[in-house]
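Subject: Structure for you to look at

Hello,

Here is the structure I said I would pass on. Please open it first, then read the notes below it.

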Amino acid sequence: MTEQKTEGRGTATAGFDRRLLPPMLLGSVLNPINSTIIAVTLVPIGDALGAPPSQTAWLVSALYLATALGQPVVGRLIDIFGPRRLFLVSTSLVGVAGVVGTLAPNLGVLIASRVLLGFGTCAGYPAAMALVRSEAKRTGQDSPGGVLTALAVANQTIAVIGPLLGGLLIGLGGWRATFALNVPLAVVAVLLGLLRLPKEAGTGEPPERGRITGRLDVLGMALFAAMLVSLLLFLMNLHLRDWYLLVIAAAASAAFVARELRAPTPFIDMRVLGGNTPLLVTYGRALVAYVVAYSFLYGFTQWTEEGVGLSPFHAGLVQIPMFLVAIGVSMVSGRRKGVRGKLLVGALGQIVACLVMLTLTGDSPVWTLILVALIFGVPQGLNNLALQNSVYFQADPERTASSAGLLRTFAYVGSMVASSTAAASFGQRADTGGMHHLAWIMLGAGVLYLLLTVFDRTLGRATDEDTPTDTPQAP
């Protein structure tokens, strides 16, 4: 195998530099591990701090809000300055958040630590996608299937072990141990970033000091933040009394679009994005897919506890088969570059699972609950991987990180819609009637996902499995 010199990195083989994998994988799982561990800590935190569920729920929402806003912003910074700087700064913030959360005297400080944690975990996934792109440019080989599969499998594995790890930590050191975990994780991530991440800027050119403000489009980022935060706050608690949030979101959206169309270096290039139909459809498909996925995670689990009578521990065990199947499906299908087949099978899997949910009652045997989880594992594994691969091939190569961040933003918007939908379906209690109502909504979203795939003629060429993989593809 030939060797070549890469500035700032010494000698590297012509293939993907696998020294990058440890920081990439660790950085990308910092967010999901904190998203899953919190599920088992809400009750102990509420008991310790005297906070009702309506208040401890902000520990979940705060992370989602910060991450949904921060991922595309940090992704854009990575596109400009390269992954190393942002990775080091963000993962250091994870350590700070871990210390603040461990020592938090009250719920308000604890929520603030989750906001810090959300911003701190924003760099991991966009940085990983940017590194995959830069390695393709360095080697001239655009074959990221194995690396992208590793990212998907790592995130799904964390979803399996996160609650179990959280329970173990709580047993050993109380709920504060789940926040303290972030300190050693951040230290390891920073050390790996210092030792293994390349120093080159994302654009290949060092940013000019005098133009930093213009290149960052601070006003565009501020308007994007106002639009997204007001929208997510409305989605978190759907009610007509909060109509003013929609007005703010609409006004900020209009101002944001007007700003981006005039900005010399826009935060999100609306002309390029507007002309990239494949990427826009992928974002829409992601939003719908995550409405279904998170409705199952939130709603079905709640129903198995209140409607069927399972303990929280056994309700969690029912979910494990889904993640195990998802990991297996991702590993088997991951090296196949095409996404159309994955999306179609994933869409059909969602529909079948929703139809089975409609047959369940409070007296259904446990094996039927496990069957639904097993069926959902197929779209869970296929959709995550296919959407991730779609963004990689459809995005502007110079905006890979920010495009990957936007994918996560649409996913978090889907999670907020799912949470509100589940709350509206169940009301005061998660009974079987409410579960069926939720399943009908999920079924409608699954059908929409299928239609978005069947009639999407842009799928193919850049993402088709028969396309040669030796050169990068442009949308």
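Helices here are DSSP runs (H or I, at least four residues), numbered from the N terminus. Buried residues (under 20% relative accessible area with a 1.4 Å probe, protein chains only) in H12 include Gly 220, Met 221, Phe 224, Leu 228 and Leu 235.

A word on the source: this is a predicted model, in which local features need pLDDT of at least 70 and side-chain atom pairs count only at pLDDT 80 or more, while totals for chains, interfaces and linings use all residues. Residues are numbered from 1 along each chain as its sequence is written, and side-chain values use heavy atoms, with hydrogens and water left out.

Next, the nonpolar cores (sets of buried Ala, Val, Leu, Ile, Met, Phe, Trp, Tyr and Cys residues joined through side-chain atoms within 4.5 Å). The largest has 125 residues, and Phe 224, Phe 296, Phe 300, Met 357 and Phe 376 touch the most other members. H15 gives the largest share of this core, 12 residues. A second, separate core has nine residues, among them Ile 38, Ile 45, Ala 51 and Phe 179.

What does Phe 296 touch, not counting residues up to four places away in sequence? Its contacts (heavy atoms within 4.5 Å) include Gln 319, Met 322, Met 357, Val 372 and Phe 376.

Then the cavities: the whole structure has three of 30 Å³ or more. A cavity is a set of points on a 1 Å grid over the protein atoms alone where a 1.4 Å probe fits but cannot get out, and lining residues have an atom within 4 Å of a point. A volume is the space filled by probe spheres set on the points.

The largest cavity has a volume of about 130 Å³. It is lined by 13 residues, of which Ile 268, Asp 269, Leu 273, Arg 399 and Ser 403 are the closest to its centre. H19 (400-426) supplies three residues, the largest share of this lining.

The second largest cavity holds about 70 Å³ of space. Its lining includes Ala 289, Tyr 290, Gln 350 and Phe 376. Here the largest share, five residues, comes from H18, which runs over 366-394.

Regards

Conventions: 1 Å grid on protein atoms, 1.4 Å probe; cavity = no way out; pocket = protein on both sides within 12 Å on 5 of 7 lines; lining within 4 Å. Helix = DSSP H or I, 4+ residues; strand = E, 2+ residues; numbered from the N terminus. Buried < 20%, exposed > 50% of the residue type's maximum accessible area, 1.4 Å probe, protein only.
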